[in-house]
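User: I would like to check some labels against their cut-offs. Please set each value beside its definition.

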Amino acid sequence: EIKKGEITCLVGKSGSGKTTIADILLGLHKIEDNMVFIDNIDINSLDLNIYRQKIGYVSQETILFNMSIKDNILWANPNLTDSELYDICKKTNAFEFINELPQKFDTIVGDRGVRLSGGQKQRLGLARAVSKKPSILILDEATSNLDSNSEILIQNSIKELSKNITIIIIAHRYSSIKISDKIYILNDGNLVGRGKYNELLNNNNNFF
């Protein structure tokens, strides 16, 4: 069970099924009827195109296009106003570094975002996902390759965004796990634990 407005974390060894669950929630895997419900509605009965518009997704490596920062973000939602764009970038801790660039939002990021650091790219990826104004945000190892400072900025963004968005995190790092409202532990496709960080740390042998 993933509750609206909470941060839910899926943890487990590689191959335990974490990303498979994310793929199911994204509608990428066809499953049997009456197995997954979104607001009590069978996921198979939803219009996938409309449903996916309600989901933001950030992977381990954000892919940016060789165009401006503004165009990269607007790619997910061309109807954003400048005011909305700036607000999203502030919430995702991207606004400050963008404003420090000579061309600011008109800065060309290069192929795959080569002119930006890993942390900057991930914050833009997060901003692009949030620009869709999603109801659900899935972060699949989104901070695993970042330095500590960049990770802290992303974590702060996640906590801010969780006020209005249901967030699902797939993670190994302690910091991502500790900010979660609920943690589910997977092992070989099975659910082997659930609870808050401190509860699992003291009572579940599958947790670290």
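User: Why is Ile 154 called buried?

Analyst: Its relative accessible area is 4%. Buried means under 20%, exposed over 50%, partly exposed in between, with a 1.4 Å probe and protein chains only. So Ile 154 counts as buried, at 4%. This is a predicted model: local features need pLDDT of at least 70, side-chain atom pairs count only at pLDDT 80 or more, and totals for chains, interfaces and linings use all residues. Residues are numbered from 1 along each chain as its sequence is written, and side-chain values use heavy atoms, leaving out hydrogens and water.

User: Where does Ile 154 lie?

Analyst: In helix α7, residues 148–161. Helices are DSSP runs (H or I, at least four residues), numbered from the N terminus. Ile 154 and Ala 94 are 60 residues apart in sequence, yet their C-alpha atoms are 9.4 Å apart in space.

User: Which residues does Arg 123 contact, leaving aside neighbours within four places in sequence?

Analyst: Thr 92, Asn 93, Ala 94, Phe 97, Ser 150, Leu 153 and Ile 154. Contact means heavy atoms within 4.5 Å. Arg 123 itself sits in helix α6, residues 118–130.

User: Why is no salt bridge assigned to Arg 123?

Analyst: A salt bridge needs a side-chain nitrogen of Lys or Arg within 4 Å of a carboxyl oxygen of Asp or Glu. The nearest side chain of opposite charge, Glu 96, is 6.9 Å away. Therefore Arg 123 has none, although buried. Its side chain does reach the backbone oxygen of Asn 93, at 3.0 Å.

Definitions and conventions
Helix = DSSP H or I, 4+ residues; strand = E, 2+ residues; numbered from the N terminus. Lys, Arg positive; Asp, Glu negative; His and termini not counted. Polar contact = N/O pair within 3.5 Å; in protein donor to acceptor, adjacent residues only side chain to side chain.
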